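Student: I am new to this structure and would be grateful for a close look at a single part, namely the place where the two protein chains meet. Please take me through that part in one connected account.

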2 protein chains.
Amino acid sequence: MISDDHNPGMPPDLHGDSFSEVEHRIEVTRRRLPGYPLDHVRLARLITHIQKLQTELCNEVLKPFELNFVTYTALMMMYGSEDQTSTPSELSSATGEKPTNVTRICDELLRKGLIERYPSTSDRRRVVLRLTAQGERLVEQYQPKIWEAMDQLYSKLSKAELQQVTSLLRRTLA
Amino acid sequence: MISDDHNPGMPPDLHGDSFSEVEHRIEVTRRRLPGYPLDHVRLARLITHIQKLQTELCNEVLKPFELNFVTYTALMMMYGSEDQTSTPSELSSATGEKPTNVTRICDELLRKGLIERYPSTSDRRRVVLRLTAQGERLVEQYQPKIWEAMDQLYSKLSKAELQQVTSLLRRTLA
DNA sequence: CAGAAATAATTCATAAATGAAATATTAAAA
DNA sequence: TTTTAATATTTCATTTATGAATTATTTCTG
């Protein structure tokens with residue numbers, strides 16, 4: 001029966017994947033708005049969609065470690081620092097979090113004993129952050145689980161395909 | 001002079017684009033962790049990076065309209081509904097926002113007169129949401145600015161390239 | 001059909017993220 | 001060198017997002 005106040009946007013059998021409903025709405029919008037840049041918008045929405053998905057997958061895996069995607073990212077960026085130290089501003093640009101949020105995140109990691117924080121001697125405005133031994137152990141401990149989560153999404157693409165997507169997407173930043 | 005407590009991760013002339021520093025940290029991590037799935041992680045981080053960038057670009061453009069990326073997304077998903085109505089749960093899955101947040105967002109859009117909200121007659125658990133004339137006008141008003149923002153990122157790729165990236169990325173959701 | 005399970009939306013307490021402003025220090029300009 | 005401007009970090013108030021629990025209704029199952 002067709003309701004007079006609301007009907008589902010798509011017949012249920014046309015729901016391919018979790019993105020189909022979004023794509024359908026984009027297509028409807030395209031019909032309504034002349035000049036609508038469908039290809040741009042679809043990719044933009046797809047990126048948002050995948051980003052949310054991978055964040056959720058990671059969060060799931062990280063829960064037992066009492067971490068979330070943001071704290072995990074901060075830890076990984078520190079782990080990947082050439083000299084094993086980072087400043088809050090570097091961490092801000094490496095994680096995409098605002099400096100003010102980095103302060104809070106580091107407060108938390110500090111409280112958990114995963115990092116240490118001390119004033120820089122060479123530039124006294126700065127602060128130096130470093131993983132503790134415990135922090136490094138934790139990073140190494142959750143790796144296998146995170147790799148599994150990544151696999152769930154990205155193992156569907158071959159190495160060549162991954163590199164191609166990556167290189168194309170990178171061009172948007174040029 | 002090389003500091004004894006902290007040095008920048010990369011020589012400044014190697015900073016290609018905003019993602020280079022992240023990539024560098026991923027590569028350092030790869031050296032430290034045998035078996036590290038570099039291709040997966042790099043793409044995952046790149047997606048996060050671009051997502052943040054496009055969100056910021058949109059927020060910038062939307063500020064004069066007193067909207068942000070999330071409220072804008074909600075409006076667009078409503079605008080793209082086949083019969084011009086949506087329920088909160090549909091909106092939740094179309095926007096990726098939790099139902100509880102959809103309630104808050106709709107409260108706000110309602111308060112601004114951009115949408116209307118009434119109970120469904122066919123299923124009395126549901127609520128029906130619909131853009132008002134004012135809401136539609138606003139959507140149409142900000143389009144050109146949003147398209148410009150999209151262009152800043154995605155016009156660097158050809159139509160064929162956009163479609164290729166999209167189709168590859170889509171495979172991750174299969 | 002009755003009872004149980006599932007779905008839809010919301011409220012409320014809490015957590016997470018942001019912007020504006022403050023403080024300290026360094027770098028640049030006059 | 002003095003002053004000015006820029007950078008780095010933090011604090012605090014506010015906004016935004018989440019999870020747990022609640023209420024109402026519908027669907028499923030025996």
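Tutor: Between chain B and chain A the count is 18 salt bridges. In one of them, the side chains of A:Lys159 and B:Asp39 come together, with 3.3 Å from N to O. The model is a predicted one, and 63 residue pairs in polar contact are found across the interface of chain B and chain A, both residues of each pair being at pLDDT 80 or more.

On the side of chain B that touches chain A, several elements each supply at least two residues, among them helix H1 (20-32), helix H2 (38-62), strand E1 (115-119) and helix H6 (133-154). H2(B) gives the most to this side, with 17 residues. Sorted by class, the residues of chain B that face chain A are 36 nonpolar, 33 polar and 26 charged.

As for the extent of the contact, 95 residues come from chain B and 95 residues from chain A. Together the two chains bury about 8700 Å², and carbon and sulfur atoms account for 55% of that area.

Both chains also take part in the surroundings of DNA strand C: the closest residues are A:Thr100, A:Arg104, A:Arg125, B:Pro88 and B:Ser89. From chain B, an N or O atom in the side chain of B:Thr103 lies 3.1 Å from a phosphate oxygen of DNA strand C. From chain A, a polar side-chain atom of A:Asn101 is 3.3 Å from a phosphate oxygen of DNA strand C.

Terms used. Residues are numbered from 1 along each chain as its sequence is written. Chains are lettered from A and ligands numbered from 1 in the order in which they are written. This is a predicted model: local features need pLDDT of at least 70, side-chain atom pairs count only at pLDDT 80 or more; totals for chains, interfaces and linings use all residues. Side-chain values use heavy atoms; hydrogens and water are left out. Contact means heavy atoms within 4.5 Å. Buried area is the accessible area (1.4 Å probe) that two parts lose on being put together, summed over both. A salt bridge is a side-chain nitrogen of Lys or Arg within 4 Å of a carboxyl oxygen of Asp or Glu. A polar contact is a pair of N or O atoms within 3.5 Å; within protein, one must be able to donate a hydrogen and the other to accept it, and residues adjacent in sequence count only if both atoms are side-chain atoms. Helices (H or I, at least four residues) and strands (E, at least two) are DSSP runs, numbered from the N terminus. Ala, Val, Leu, Ile, Met, Phe, Trp, Tyr, Cys and Pro count as nonpolar, Asp, Glu, Lys and Arg as charged, and the others, Gly among them, as polar. A residue is near a molecule or strand if one of its heavy atoms lies within 4 Å of it.
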